[in-house]
Amino acid sequence: MSDTKNRILDAAERLFGERGLSATSLRAITSAAGANQAAINYHFRSKEGLIWAVYARRLGPVNQRRLEMLDASEAKHGSGTLPLEEVMEAFVAPIVQLGPESAFCPLMGRMYTEPGDFLRKVILEHMGEVARRFTMAFKRALPEMPDMDLYWGAFFTIGMLAHTMHGTKLLEAISAGRCDPADREGIAHRIVIFASAGLRSLVGLPARLTHS
């Protein structure tokens with residue numbers, strides 16, 4: 001990958017995270033990258049193409065690692081029930097390992113909160129296979145859970161993960177520095193425990209809730 005292309009991706013990742021996707025102009029990105037509009041046209045064709053490339057650069061390796069960890073768990077347990085914490089760790093740990101200092105972390109939140117059909121396409125493209133595989137895995141881990149509650153639980157987990165990666169400065173403030181956002185292993189471990197317990201708590205909800 002060319003040095004100019006990398007500079008543009010780095011600048012776009014940082015500015016999209018700080019300002020938002022729609023609020024960041026291509027002029028601001030080229031200025032920060034020391035490049036010009038022609039370079040963006042050459043490498044990415046458009047702003048949408050640049051956004052796509054920014055997400056692909058980070059989510060590609062993350063999702064590959066997620067699926068590798070899930071493959072290993074499925075191979076270890078054969079056709080039996082999968083341990084919920086193993087499935088959750090495969091989903092959570094690779095993204096947490098990016099670290100709170102990564103410029104991509106704020107984009108995790110924007111991926112799910114900024115409106116627009118294009119970002120939905122990005123999510124479907126980069127998360128489609130991951131969503132399919134992990135939905136099946138969570139069903140194997142909690143076979144008694146109704147599908148509706150499984151999807152609610154997955155939705156809550158994604159929200160918690162995105163907020164955790166985006167809100168570490170708030171965490172430092174409210175904990176008066178007791179919580180260390182650089183402790184990636186500790187963060188992942190706590191999310192796995194918390195999210196797994198939350199999923200389990202949805203099993204056996206009253207019928208008036210599961211059929212509402």
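## Helix H3 and its two sides

Let's start on the outside of a helix: Ala38 and Tyr42 are exposed (over 50% relative accessible area, with a 1.4 Å probe and protein chains only), and they sit on the face of H3 turned away from its buried side. Helices here are DSSP runs of H or I with at least four residues, numbered from the N terminus. This is a predicted model, in which local features need pLDDT of at least 70, side-chain atom pairs count only at pLDDT 80 or more, and totals for chains, interfaces and linings use all residues. Residues are numbered from 1 along each chain as its sequence is written, and side-chain values use heavy atoms, with hydrogens and water left out.

Which residues of H3 (residues 37-44) are buried? They are Ala39, Ile40 and Phe44, where buried means under 20% relative accessible area. These residues lie on the same side of H3 because they cover an arc of only 100° around the axis, taken from the directions from the helix axis to the C-beta atoms. Their cover includes helix H1 (3-19), helix H2 (26-33) and helix H4 (47-77). Just after H3 comes Arg45, with a positive phi of about 75°.

## How H5 meets H7

Two packed helices are described by the angle between their axes and the distance between the axes. Helix H5 (residues 84-96) packs with helix H7 (residues 117-141) at about 165°, and their axes are 9 Å apart. H5 and H7 are therefore roughly antiparallel to each other, the word for angles over 145 degrees.

On the H5 side, the contact (heavy atoms within 4.5 Å) is made by Leu84, Val87, Met88, Ala90 and Phe91. On the H7 side, Val130, Phe134, Ala137, Phe138 and Ala141 make the contact. What kinds of residues are these in the contact of H5 with H7? Ten are nonpolar, with no polar and no charged ones; Ala, Val, Leu, Ile, Met, Phe, Trp, Tyr, Cys and Pro count as nonpolar.

Look for Arg66 in helix H4. Arg66 is buried, because its relative accessible area is 2%. Leaving out residues up to four places away in sequence, Arg66 touches Ala90, Phe91, Pro94, Ile95, Met127, Val130, Phe134 and Leu161. Arg66 and Val130 are 64 residues apart in sequence, with 7.8 Å between them in space, C-alpha to C-alpha.

Now find Thr157 in helix H8 (residues 147-166). Thr157 counts as buried because its relative accessibility is 6%. Apart from neighbours within four places in sequence, Thr157 is in contact with Met88, Phe91 and Ala195.

Notes
Axes fitted to C-alpha atoms, helices over the stretch in contact; angles between N-to-C directions. Parallel < 35°, antiparallel > 145°, perpendicular 65-115°, else oblique.
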